[in-house]
Amino acid sequence: MKTPPSNAEQSDTAQGNTRNTGPGRLLIAVYGIFALAATARAGYQIATKFHTAPLAYLLSALAAVVYIVATVSLARRGTASFRVSVVAVSLELLGVLVVGALSVFDSQAFPADTVWSGFGKGYGFVPLLLPLLGLWWLYKRRPSTS
């Protein structure tokens, strides 16, 4: 038996925000997990061994910031949050592709792994798939122009 939508869900739908409902909740949860994981990883790396691979560890910190921004903006309603989501998820995809390619073709520049190294190989390639799914979800759930 399907329950009727709550007032919050009706309000979101009326305002054109369905990004944080249904499968969007799972997407936000995965982004939240990656935000926590990347933040913890970067914090530990920077605090304990920054001198060994500063570029890699700063890129891990950048990934953490991108995941945090994506998580928050995906969960919030409104056109401005939608735009921030698109920018954050696009930046994430660009980071995964650039850092992934550089880490594969110039491994000496990356003596330590980042979240995006090897196109996210250390995380089961989820960092590569996540922005693709995120951009698809945003495209499907974009605000109406009326």
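Which residues of H2 are buried? They are Gly24, Leu27, Ile28, Tyr31, Gly32, Phe34, Ala35, Ala38, Ala42 and Gln45. Buried means under 20% relative accessible area, exposed means over 50%, and partly exposed lies in between (1.4 Å probe, protein chains only). The points below take the rest in turn.

1. **Basis.** This is a predicted model, in which local features need pLDDT of at least 70, side-chain atom pairs count only at pLDDT 80 or more, and totals for chains, interfaces and linings use all residues. Residues are numbered from 1 along each chain as its sequence is written, and side-chain values use heavy atoms, with hydrogens and water left out.

2. **Overall make-up.** The chain has five helices and zero strands. Along the sequence the pattern reads α-α-α-α-α. Helices (H or I, at least four residues) and strands (E, at least two) are DSSP runs, numbered from the N terminus. The chain has 146 residues, and buried ones make up 38% of them. Contact means heavy atoms within 4.5 Å. Take the contacts between residues at least 6 apart in sequence: 69% of these join residues at least 24 apart.

3. **Helix H2.** H2 has 27 residues. From first C-alpha to last, H2 reaches 38 Å, close to the 39 Å expected at 1.5 Å a residue. The expected span is 1.5 Å times one less than the number of residues. The cover over the buried residues of H2 includes H3, H4 and H5.

4. **Helix H3.** H3 has 22 residues and reaches 32 Å between its end C-alpha atoms, close to the expected 32 Å. Its buried residues are Ala56, Tyr57, Leu59, Ser60, Ala63, Ala64, Val66, Tyr67, Ala70, Thr71, Ser73 and Leu74. These pack against H2, H4 and H5.

5. **H2 against H5.** The axes of H2 (residues 23–49) and H5 (residues 126–140) come within 11 Å and cross at roughly 145°. Axes are lines fitted to C-alpha atoms, for helices over the stretch in contact, and angles run from 0 to 180 degrees between N-to-C directions. The crossing of H2 and H5 is left-handed. A crossing is left-handed if the near helix is turned anticlockwise from the far one by less than a right angle, and right-handed if clockwise. H2 brings Pro23, Gly24, Leu27, Val30, Tyr31 and Phe34 to the contact, and H5 brings Val126, Pro127, Leu130, Pro131, Gly134 and Trp137. The contact residues divide into 10 nonpolar, two polar and no charged. Ala, Val, Leu, Ile, Met, Phe, Trp, Tyr, Cys and Pro count as nonpolar, Asp, Glu, Lys and Arg as charged, and the others, Gly among them, as polar.

6. **The largest nonpolar core.** A nonpolar core is a set of buried Ala, Val, Leu, Ile, Met, Phe, Trp, Tyr and Cys residues joined through side-chain atoms within 4.5 Å. The largest has 28 residues, of which Tyr31, Tyr67, Val115 and Trp116 touch the most other members. H2, H3 (54–75), H4 and H5 each supply at least two residues of this core. H3 gives the largest share, nine residues. Setting aside residues up to four places away in sequence, Tyr67 touches Tyr31, Phe34, Ala35, Ala38, Glu92, Val115, Trp116, Pro127 and Leu130.

7. Leu138 is found in H5. It counts as buried because its relative accessibility is 1%. Leaving aside neighbours within four places in sequence, Leu138 is in contact with Arg19, Leu74, Phe82, Ser85, Val86 and Val89. Ser85 is found in H4 (residues 79–105). Its relative accessible area is 0%, so Ser85 is buried. Ser73 lies in H3. Ser73 is buried too, at 4% relative accessible area. Beyond four places in sequence, Ser73 is in contact with Arg19, Ser81, Val84 and Ser85.

8. **Two residues to check.** Most residues other than glycine have a negative phi. Phe119 has a positive phi of about 60°. Phi of Phe125 is near 65°, also positive. Phe119 is in the loop between H4 and H5, and Phe125 is found in the loop between H4 and H5. Phe119 is partly exposed, with a relative accessible area of 24%. Phe125 is partly exposed at 38%.
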